[in-house]
Amino acid sequence: MDFIFYFGDVFSPLSFLLLLGGTIGGLILGATPGLSPTMAVALLIPFTFHLEAVQGLILLGAAYTSTVAGGAVSAILLKIPGAPANIATTLDGHQMAKQGKGAKALQLSFLASAVGGIFGVLLLIFLTPLLAEWALAFGPSHLFWLAILGVTVIGSLDSASVVKGLLSGCIGLWLATIGFDDIMGAQRFIFHPSLGGGINIIAALIGLFAIPQVLTMFAKGRRTTGAEVIEVQKHSVLDATKELIRRPLALGIGTITGSIIGLIPGVGGQIAGLVAYDQTKKFSSEKEKFGKGHSEGVIAAEAANNAMVGPSLVPLLTLSIPGSPTAAVLLGGLLIHGIFPGSDLFDNHPDVAWTFINSMLVGQVLMCLFGLYVAGLAARVAQVPQSVMAAIVLALSVFGAYSVQSSMGDVYVMACLGIGMYFLERFGFSAAPLVLGLILGPIAESNFIQGGMIADATVGRASYFLSGGLNIFLIAVVVASVAYSAWMELRSRRYTTKEEAQA
Amino acid sequence: MNRSQHIFGSGLVFAVGIWVAWISYTQQPAEAFLFPRLIASVFVVLAGWTFGKAVLGLSKVGSGVSRTMFLNMVPGVAVMLIYVFLAAKALGFYTATAIAFFILLSIYDPAPHSEAKTWIKRALTTAVFVAVMYGLFALLLSVYTPREILF
């Protein structure tokens, strides 16, 4: 129950102001198509340098939570999901808006998001200390395998092609080795002076997530959003609350599905929303209404995509394994303040850990309160031409990357990685495992070296890294995640080929 | 997608993999390259597999870059490269940002170029944006950026 002791810290003037700003800003950013939660959080990191670690994390956490919920605004009013997590919301939300029930759909989406989000954060509060305690037993070989597990799980589950996902992870791990070797001081892969100090994680995160979006907007050419905002008529919040209470099945399935999916590294909010929508439809007594503007569809999808936010941080805060790309960006935000997740976080910086987690709890309530008022404005922002968005994101990326260490080298690295990532994405590679490799690479390497030294003095490398219950378990999970993804990929390909043949 | 695009893309990644492996296995001290060797080995195998599939025409994932997309992108990328690699340092961040921002709006804004109102709107948007950036980075965050001309 440690979290209760730090609850008051959330309400210190600056922290609360940042929480409020992050929530409102996140709602608006989330509603903007093309600005994903990951990119929004990555672009915000430079603004946290001048803040205390806990305040920086509050800002990032609030932005993460509210961008996911804010995506529902454009999904409902414009039929454009603000983020992939809101795809399922579009199915019934936009239909409701077209029927003149836009306000009701928005109210239900924010209320369901808050319920799902609070449940998810409570799960984070109660699961995290238990797992962090367990993580104390980890030695270098286990930490090495955990880092590899983080890269392979995201690489295999988050990518359309397992091989390309794993290859993206390898590229990230290689990029992490650029610079001077920590132990021998040897130069590694420094083919340009800008790389002398290695690749700065924040500059890389900005480049890998923001620049491909800019180029995607450029690639669309001179095009309007083409979406009309549906006007929102007034609707009683009390009636929406009563409607939510009348739909416990959708709320329950959404919340539980989102929480479980959030705990699995690599499976994002998009899956959570779609699975919850599908399951609610299966169990609902009004199946035929789904897709035609049924409130249960909106409730299930939004409860699920926000319920996964808290649990997705469990592996990050306990084992240093980011469960999602946004969690990876948050890890970057922690590392720049010299804070390492795991038991160290809860033993040495409990104020940071608990105030951050508590702020996410308060943030859910703020998001619900302000979401309804900001929705109209957010929908207007979502109509901003892509040319303006692309120029804004590009300039923010340049200033953000430069402000990390006042180095033009970081700006060059950011731009090169971003352009490279855009083309890699077009060829089926994925940014998430690459980022994970970049972040977890130093952890994997230092534990590999440390473990090697212990092994040389004791049982030998093969025995040290490949035996022992925990090592075998971790290796088995790595193999199982790759095998499962490969099997799923083969299955879907066979299915597609069969369909193509029949067509 | 065009098979040759897949071959080119995966071939480039494979070439990088071979270069990484070559450096890892030839550079000294060997201890410093122990971990890179481990990665490079997996890198080369996976990149070789991807390249092989592309050559055989079996690559299914990834839609590549169409001619229209490429042509749409070229002016924006050119402005971006000049902005990042030349103008930001030579002209100063705020001046370069204002110019790049205005040019990008002019290229990609769907509003008609023939109307004076459009140009005024673009100029005003640029001015407001640069003012916000100045307030945010120079005044609020005290980030000292290169300032060569103007501010």
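## Ground rules

This is a predicted model, so local features need pLDDT of at least 70, side-chain atom pairs count only at pLDDT 80 or more, and totals for chains, interfaces and linings use all residues. Residues are numbered from 1 along each chain as its sequence is written, while chains are lettered from A and ligands numbered from 1 in the order in which they are written.

## Chain A at a glance

Chain A holds 22 helices and two strands; helices (H or I, at least four residues) and strands (E, at least two) are DSSP runs, numbered from the N terminus. Contacts are pairs with backbone-placed C-beta atoms within 7 Å. Among those in chain A between residues at least 6 apart in sequence, 80% join residues at least 24 apart.

The mean pLDDT (the predictor's confidence in each residue, from 0 to 100) of chain A is 81, with 89% of its residues at 70 or more.

## Where the chains meet

The contact takes 49 residues from chain A and 51 residues from chain B. On the chain A side, the elements giving two or more residues are α7, α8 (201-219), α18 (386-405), α19 and α20. The largest share, eleven residues, comes from α18(A). By class, this side has 31 nonpolar residues, nine polar and nine charged. Here Ala, Val, Leu, Ile, Met, Phe, Trp, Tyr, Cys and Pro count as nonpolar, Asp, Glu, Lys and Arg as charged, and the others, Gly among them, as polar.

## The largest nonpolar core

A nonpolar core is a set of buried Ala, Val, Leu, Ile, Met, Phe, Trp, Tyr and Cys residues joined through C-beta atoms within 7 Å. The largest one has 209 residues, of which Ala42(A), Leu205(A), Ile206(A), Ala390(A), Val435(A) and Phe43(B) touch the most other members. Helix α5 (residues 87-135) of chain A gives the most to this core, with 19 residues. Domain 1 (3-55) and domain 2 (67-140) of chain B both contribute, so the core lies between them. Those bounds come from an automatic or database domain assignment, and the two domain centres, taken over C-alpha atoms, are 38 Å apart.

Leaving out residues up to four places away in sequence, Ile206(A) touches Ala42(A), Leu43(A), Ser397(A), Gly400(A), Ala401(A) and Met414(A).

Helix α2(B), residues 34-55, spans 31 Å between its first and last C-alpha, close to the 32 Å expected at 1.5 Å a residue, where the expected span is 1.5 Å times one less than the number of residues. Its buried residues include Phe35(B), Ile39(B), Phe43(B) and Phe51(B). They pack against α7 (162-177), β2 (187-188) and α20 (431-457) of chain A, together with α1 (3-26) of chain B. Gly57(B), with a positive phi near 75°, follows α2(B).

Helix α5(B), residues 116-140, reaches 35 Å, close to the 36 Å expected. Among its buried residues are Arg122(B), Phe129(B), Met133(B) and Phe137(B). The buried residues of α5(B) pack against α18 of chain A and α4 (93-108) of chain B. Ser142(B) comes after α5(B), and its phi is positive, near 50°.

Notes:
A residue is buried if 20 or more other C-beta atoms lie within 10 Å of its own, exposed if 12 or fewer, and partly exposed in between; C-beta atoms are placed from the backbone. Two residues are in contact if their C-beta atoms, placed from the backbone, lie within 7 Å.
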